[in-house]
Every structure is written in structure tokens, then in C-alpha cells.
Amino acid sequence: MTKIPHRLILTEDQMPKQWYNLRADMKEQPDPLLNPATLQPIKTEELYPIFCKELARQETDCETRYFDIPEPVLDIYKTYRPSPLCRAYHLEKYLDTPAHIYYKFEGSNTSGSHKLNSAVAQAYYAKEQGLKSLTTETGAGQWGTALAEACSYFGLHLDVFMVKGSYNQKPYRKAVMQTFGANVVASPSDTTRVGRAILANDPETTGSLGCAISEAIEKATTTPDCRYVLGSVLNQVLLHQSIIGLECKKAMEIIGEYPDIVIGCAGGGSNLGGLIAPFMQDKLLGHANPHFIAVEPASCPSLTRGRYAYDFCDTGKVTPLARMYTLGSGFIPSANHAGGLRYHGMSPILSKLYHDGYLDEARSVEQTKVFEAATLFARLETILPAPESSHAIRGAIDEAIRCRESGEKKVILFGLTGTGYFDMTAYTSYLEHTMSDYIPTDADLQPGFDSLPNIG
Ligand SMILES: *Cc1c(COP(=O)(O)O)cnc(C)c1O
């Protein structure tokens, strides 16, 4: 066999021209979004006040297998895609494992993450519909940055509600978004009704993603020609992120490999859903049987300890209800949690696949273990990984060690979703041994479960 290169980058011509809609091959569909007022399944038109029309259509379409990627979206993709598929030779050697470890690196764009893949698509459809502005929330800041890039390209105004804890911890993230012309507001803020209510209740709160979502939606629905966009969780976002998996599968075909294990970190589920999409298709159609692993923080354990139930997607309880693994929309991870992936729920598609056993396994890991993996990876592979991505690195290292012990020569693929340059406060606390782990007790989780809407 010819030697497999350290980095394989497809040519522009080999880049996929369509996104893949995993729902088209699922035997059972995720439960539909419900209108919280009527508890009836949402009709596509009911989503028009929140999402632009084409995205509402993508959100509710369970049948169309492939969607053409619009030409202007492909044009921007080509400025930073195809992204490299890398072989972690140095890590393999260090671990003395017979496993082959591959990672798909999505961090080589200014947002520093895979989020640009969906931001570009969402901004494009908004522009096409003649909208003037968008609103969104951002936690760690990658999504806000990605959307700021996309909005500046298409000439749309953007308001970003940034979780206050991150806003204070990551001033340079804010500056990057502002450089791309976005207006960045710390959430909860006094610029929305829901923000003022949350502040009145808890003036010292450092905010949460769910709360920032509520504010962004209020702003969008009270501003003319404005819509709200979300960077994860939704079906449309998983659709756009399928570009990751599609490129991966093609690159692996070229080098004659196929993954036995596919690992992704799981926050709202978009990178994992995108990475596994074409491999999950193989599993659903009975063509192959890769083992899928989701890795999440022990301090925000939605898949491993959450309930599979209908819940709101935001703290303010203004969104449609989605059936997903959730910790309850009021859940906020403990204050010492530094590693991102702090959303209370999980993509309904991934939740359904996990519930039905197609997404084989979910693991939760403590953050000191995550940063240990991050630091080792940085030193060996020369990329400074995002804390979020490092959950997947942890999973891959643990699997590679298992292979060393069993002698199995498995092919491991993981998603390296981004870079961690804005997370140096967290890295520093790891290096100075001041980082601690906190695993919520059942009693800590109970209030979140008690807040779940009571739906049959
Ligand atoms: C947002 C983000 C994640 C988690 O989001 P998912 O929707 O679960 O993929 C992971 N890694 C990076 C670098 C991110 O920015």
C-alpha cells in the first residue's frame, strides 16, 4: 500500500456539491417540533416568523436526501475548504498503538471552527429572501464569529447576544466579531424584555446559551426584515455540516480506509451529526457498521444523564418544543466549567439515533482529562485544539490505548472541530493546576428535570 500522507486535502473539483439529509434514510423520524401553545406539530409556515423560508423548509424536510449547495455558498466554501483529513502519526507513535488515527480539521478559518459551514448557508438564504439583518446568540464565541464573517460578506447587519461569562472572559472574541461589523451585546442584557426579566430575577447571573437564545429571538421577532439564526441543534444545521462527513468519506476512499470508530464532541450535536452523516447512512442502509461515540463534558451531560423528552430550546421558553435528550432548559453548568459544550439539549436527530441505538455510545469526561488530552495533542500534532474539540481527542486517545492493549488495528476517525486560541484562560488554569472538575449530583440535575414541560 502507498504511504498515507499526513494531510490529505481534496481538490476543489472533488468537493461535494450537495449536502446530505440524514433524515431521509432514518427508518423512524425524530419526533416533530411542537407549537408550545397548541402542542400540535409545527407547520413549515409557522416557522417563517423565526427562520427565513428556505431554512424553515430544510428544517421540516425529512424526505429530500440531497440538497444542492448554492453556487455563492460553494464560492465561500472554496476559500477555506476542502478541509484537511489528517493522520495523527505522531500521536499514534507516542501512544504506541496499532490503531490508525485520523482527524478532520475544521479550524483553518477565522472563526476557528466548523461553524462557518452553516453560517455561510444561513446568511446566504437570508440575503436571498431580501432580509436586512440577523440576530443570534454565542457562547464561547465561535458561532458569533462565524456568523459575523458570513453577514459581512453578504452585507447583513448582525446582533450577537454573547453569554455574559464568555463576554467578560474573552474580550478578543468580541473584538473579532466587531471587526466583521457585528454588534455584540452581553446577555442577559437590558435591551430585551426577556433579558430584563432574567436580570431582575438574578442580577449577578453570568448568563447561559438558553437565555441568550431567548433574547436573540425576541430581537428578531420585534425587528422588521430580521430573522434569528442558530448555530447548532437544528436539523438545518446538521444538514449544512454534512459537508464535513462527505469530504471525509471521499478522502478516506482515496486512501483506501474506512473508519471502525467515529468520534465527535457533542454540544448541540452539529459537528458530530455532520461528521457521521455519510457513515451513519452506511449503517442505516446496512452497508457498514462503524461504532459511533459522542463525547460530552461531565458537567453538562445531556446525552449520558439527560431525559429524552420534549423541551424548550431556550431558557425563556419562547421556542418550539423539541424532543431531545435534555437537562431542562433552565440548566446552567457549574461556574468552573471551562470547556464549552454547555447547551442543555441535543440535536433531535442525534437524540433519536441515540435513543434507537444507531449512535452507539455517549461518554462524559471531566475537564482536567480533556485538557490533558488537549495539551498532549498540541505538543505532538502542532495544533492548539479548542477545548470542545479536545473532548473528541480524549475519546480517540482512550480508544487508541484500548487498541494497544488488545492489539486491534482499528481505524479511528475523530472530528477536530477547531482551535483554542481564545481559550487560554482555561489552558492556563489547567497548566497552573487550578482547574477543578465538578460532576453535578442527581440532586443538582433535578430542578432542570422538574422544569420540563409535562407532555404525554
Ligand atoms: C460550537 C463548537 C462545538 C460544539 O457544537 P456542536 O454543535 O455540538 O458541534 C464543538 N467544537 C467547536 C470548536 C465549536 O465551536
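In the predicted model, glycine 268 places a backbone N or O atom 3.0 Å from an oxygen atom of the ligand, a polar contact being a pair of N or O atoms within 3.5 Å. A polar backbone atom of glycine 267 lies 2.7 Å from a ligand oxygen, and a polar side-chain atom of serine 270 lies 2.7 Å from an oxygen atom of the ligand. Taken alone, the ligand exposes 380 Å², of which the protein buries 93%; accessible areas were computed by the Shrake-Rupley method with a 1.4 Å probe.

The ligand is surrounded by 18 residues, the closest being Lys115, Ser232, Ser270, Asn271 and Thr417; a residue counts as near if one of its heavy atoms lies within 4 Å. By class, this shell comprises four nonpolar, 12 polar and two charged residues, where Ala, Val, Leu, Ile, Met, Phe, Trp, Tyr, Cys and Pro count as nonpolar, Asp, Glu, Lys and Arg as charged, and the others, Gly among them, as polar. Helix H11 (270-284) and helix H15 (387-406) each contribute at least two residues to the shell. The ligand sits in the largest cavity, that is, more than half of its atoms lie within 2 Å of the grid points of the cavity. A cavity is a set of points, on a 1 Å grid over the protein atoms alone, where a 1.4 Å probe fits but cannot get out.

The protein contains 17 helices and 15 strands, assigned as DSSP runs (helices H or I, at least four residues; strands E, at least two) and numbered from the N terminus. The radius of gyration is 20 Å, close to the 23 Å that the globule rule gives for 456 residues, so the protein is as compact as a globular protein of that length. This radius is taken over C-alpha atoms, and the globule rule is 2.2 Å times the number of residues to the power 0.38. Along the principal axes, the C-alpha atoms fill a box of roughly 60 × 50 × 45 Å.

Most residues other than glycine have a negative phi, and most peptide bonds are trans. A cis peptide bond joins arginine 81 to proline 82, with omega about -15 degrees; proline 82 lies in the loop between helix H2 (71-80) and strand S4 (85-87). The bond from serine 187 to proline 188 is also cis, with omega near 5 degrees. Aspartate 225 has a positive phi, near 55 degrees.

Residues are numbered from 1 along each chain as its sequence is written. In this predicted model, local features need pLDDT of at least 70 and side-chain atom pairs count only at pLDDT 80 or more, whereas totals for chains, interfaces and linings use all residues, and side-chain values use heavy atoms, with hydrogens and water left out.

Technical notes. A polar contact is a pair of N or O atoms within 3.5 Å; within protein, one must be able to donate a hydrogen and the other to accept it, and residues adjacent in sequence count only if both atoms are side-chain atoms. On a 1 Å grid over the protein atoms alone, a cavity is a set of points where a 1.4 Å probe fits but cannot get out, and a pocket is an open set with protein on both sides within 12 Å along at least five of seven lines; lining residues have an atom within 4 Å of a point.
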